Amino acid sequence: MKRIIIIGASSGIGLKAAGRYAEMGYRIGMAARHTEPMKELQARYPDQIEVTGLDVTAPDATRKFEDLIQLTGGMDVLLFASGVGFKDTELNDSILTNTLMVNVVGFARIVAQAYKYFRRTANVTPGHIAVITSVAATNALGSAAAYSASKRFQRQFIDSLRQLAINQKVNVKFTDIRPGFIRTPLLDPSSDYPMIMTLDEAMPLIIDAIEKGKEVATINTRWRIVNALWSLVPTCLWRHIYVGISDSGPTIQASLPKNLPIISNLR
């Protein structure tokens with residue numbers, strides 16, 4: 001029986017993934033701050049699921065993570081699905097701090113601990129670290145600066161660990177899962193988002209990416225195309241494009257100066 005530890009398993013992608021993996025016969029360790037939703041799923045699969053309360057920003061997070069691994073009987077896969085994100089054009093100090101503590105500090109500590117676990121144990125059976133990043137990391141977003149920057153950090157961090165694993169000959173692989181808009185508690189339920197997916201639509205693609213060990217998986221095809229186009233926009237042009245969130249959903253505004261080289265050189 002394969003074993004997966006899911007961080008951020010009390011709602012959204014993490015909780016949905018736990019249910020799917022339980023159906024697939026995995027043994028699952030679930031961790032998040034709020035335990036009630038996880039315990040409800042555990043009641044349906046008492047022989048497969050272990051639950052622990054864990055706050056990735058707390059000093060004892062890595063210890064509780066290691067304890068959950070032992071309680072689950074080991075770990076073959078880590079799925080890091082914990083994260084926060086906010087519109088923050090005012091650069092609110094508490095929002096900045098919370099976003100960076102969860103998406104950067106908490107993320108790095110848990111993922112690094114998973115890497116060290118696999119460095120100790122994955123000599124025969126490969127370890128696997130899968131993380132939920134975002135298409136928001138492709139280009140800077142002025143309306144959510146801390147969020148987009150934190151997601152870029154996550155990509156860079158697992159790329160760095162991938163390089164370190166090759167250097168240290170650690171038998172571990174990494175999957176960077178980049179969703180577009182998925183209807184989860186992270187999104188404003190009153191807003192309309194373009195190309196939004198339900199969890200039922202997104203989850204088979206996420207599970208498939210993990211099971212196949214893909215290095216990068218943009219969820220889904222439409223977002224893969226949009227993401228590719230975004231990545232082609234030069235920085236000198238992108239900084240004049242504002243991607244914001246209004247009451248009716250995301251908006252895109254452009255204010256392009258005439259003296260931009262990329263514009264003036266066009267014929």
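**Entry 1, Ala 165.** I began with Ala 165 and found this residue buried, at a relative accessible area of 4%; buried means under 20%, exposed over 50%, and partly exposed in between, with a 1.4 Å probe and protein chains only. The model is predicted: local features need pLDDT of at least 70, side-chain atom pairs count only at pLDDT 80 or more, and totals for chains, interfaces and linings use all residues. Residues are numbered from 1 along each chain as its sequence is written, and side-chain values use heavy atoms, with hydrogens and water left out.

I placed Ala 165 in helix 5 (residues 145–168); helices (H or I, at least four residues) and strands (E, at least two) are DSSP runs numbered from the N terminus. Apart from neighbours within four places in sequence, Ala 165 contacts Tyr 115, Val 170, Val 172 and Phe 174, where contact means heavy atoms within 4.5 Å. I also noted 8.3 Å between the C-alpha atoms of Ala 165 and Arg 119, which lie 46 residues apart along the chain.

I recorded nine helices and nine strands. Of the 267 residues, 49% count as buried.
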